[in-house]
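Please have a look at the sequence and the structure first, and then I will walk you through them step by step.

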Amino acid sequence: QYKHQGEIGFHAHPGSGLTFKLYVQYSQVDHFPLFKRLPYVHNNNDIPYRLGNAYEVIYDNMNQMGIITALQMRFSEYNKISLETRYFEYQRAGDLKACNLPKLSLEVQGNFRLAKRFFIQLNGQFMGKRESQKYNITPLQDQNDAFATLETLPSVFSVASEITWKISDHW
């Protein structure tokens, strides 16, 4: 839940079908959900959800400061493309590290009509590098005594596309 939140910026329409947004944002959040990566447990008794990379949700107070930009181009009713970028800095209570949160993220969306009944939709998401906790556990060591170090996870880019053929003009 947001304790304080503020945004300042502008939203411009420099031309027909072109939209640009630029704003900075600050928010103070109580009980912000964070994913905590759990160490592998050697005595898990074959519990399926603990055999792989398991996570737990922890809630902490968080300050977020960032800048958001968005660019949208609408060529016609059915043809448009948009790009949104977000860059955020995170501060947890007690100067703890905010893990599993990327500083940079991008989202690209495109909708195109190639013929009267043929449509293509594209979605892409980029999540920048982020830090995660890595646990060093020796055999027969209790998971609560595990020593955690920080490791940097690489960037991830995912793309999804959809092709649609409209069967009837009434749809």
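This is a predicted model: local features need pLDDT of at least 70, side-chain atom pairs count only at pLDDT 80 or more; totals for chains, interfaces and linings use all residues.

**A loop residue, and then the whole chain**

Let me begin with Asp95, which is exposed, with a relative accessible area of 77%. Asp95 sits in the loop between β4 and β5, and its phi is near 55°, a positive value in a residue other than glycine. Asn100 is also found in the loop between β4 and β5, and although Asn100 is not a glycine, its phi is positive as well, at about 65°. Is Asn100 buried or exposed? With a relative accessibility of 18%, Asn100 counts as buried, because the cut-off for buried is under 20% relative accessible area.

The average pLDDT of the protein chain is 85, and 82% of the residues score at least 70. Where is the confidence lowest, and where is it highest? The lowest mean belongs to strand β7, residues 130-136, at 79, while the highest belongs to strand β5, residues 104-113, at 96.

Now to the overall architecture. The secondary structure of the protein chain consists of 9 strands and 0 helices, so that reading along the sequence gives the pattern β-β-β-β-β-β-β-β-β. Of the 171 residues in the protein chain, 23% are buried. If we take the contacts between residues at least 6 apart in sequence, 57% of them join residues that are at least 24 apart.

Which residues make up the largest nonpolar core? It has 6 residues in all, namely Val29, Phe32, Leu34, Met62, Ala98 and Leu101. Strand β2, which covers residues 18-37, gives the most to this core, with 3 residues. If we leave aside residues up to four places away in sequence, Val29 touches Gln1, Tyr2, Lys3, Asp60, Asn61, Met62 and Gln64.

Ser27 is another residue in strand β2, and at 1% relative accessibility Ser27 counts as buried. Again without residues up to four places away in sequence, the contacts of Ser27 are Tyr2, His4, Gln5, Met62, Asn63 and Gln64.

Next come the charged pairs. How many salt bridges does a search of the whole structure find? The search finds 4, and I will describe some of them. In one of these, Arg92 pairs with Asp60, and the closest N and O atoms are 2.9 Å apart. Arg92 belongs to strand β4, residues 80-92, and Asp60 to strand β3, residues 55-74, so this pair ties together parts that are 32 residues apart in sequence.

Another salt bridge joins the side chains of Arg86 and Glu84, with 2.9 Å from N to O. Arg86 is partly exposed, with a relative accessible area of 30%, and Glu84 is partly exposed too, with 27%. A further salt bridge is formed by Glu131 and Lys97, whose closest N and O atoms are 3.2 Å apart. This pair links distant parts of the chain, since Glu131 is in strand β7 and Lys97 is in the loop between β4 and β5, 34 residues apart. Glu131 counts as partly exposed at 27% relative accessibility, and Lys97 counts as partly exposed at 45%.

Finally, a word on the aromatic residues. The structure holds 4 aromatic pairs, and one of them is the pair of Phe10 and Phe20, which is tilted, with 5.9 Å from centre to centre and 50° between the planes. Phe10 lies in strand β1, residues 2-15, and Phe20 in strand β2, so that the pair links parts of the chain 10 residues apart. Are these two residues buried, exposed or partly exposed? Phe10 is partly exposed, with a relative accessible area of 43%, and Phe20 counts as partly exposed at 29%.

Technical notes: Residues are numbered from 1 along each chain as its sequence is written. Side-chain values use heavy atoms; hydrogens and water are left out. A nonpolar core is a set of buried Ala, Val, Leu, Ile, Met, Phe, Trp, Tyr and Cys residues joined through side-chain atoms within 4.5 Å. Buried means under 20% relative accessible area, exposed over 50%, partly exposed in between (1.4 Å probe, protein chains only). Helices (H or I, at least four residues) and strands (E, at least two) are DSSP runs, numbered from the N terminus. Contact means heavy atoms within 4.5 Å. pLDDT is the predictor's confidence in each residue, from 0 to 100. Rings of Phe, Tyr and Trp (its six-membered ring) pair if their centres lie within 6.5 Å; planes under 30 degrees apart count as stacked, over 60 as edge-to-face and the rest as tilted.
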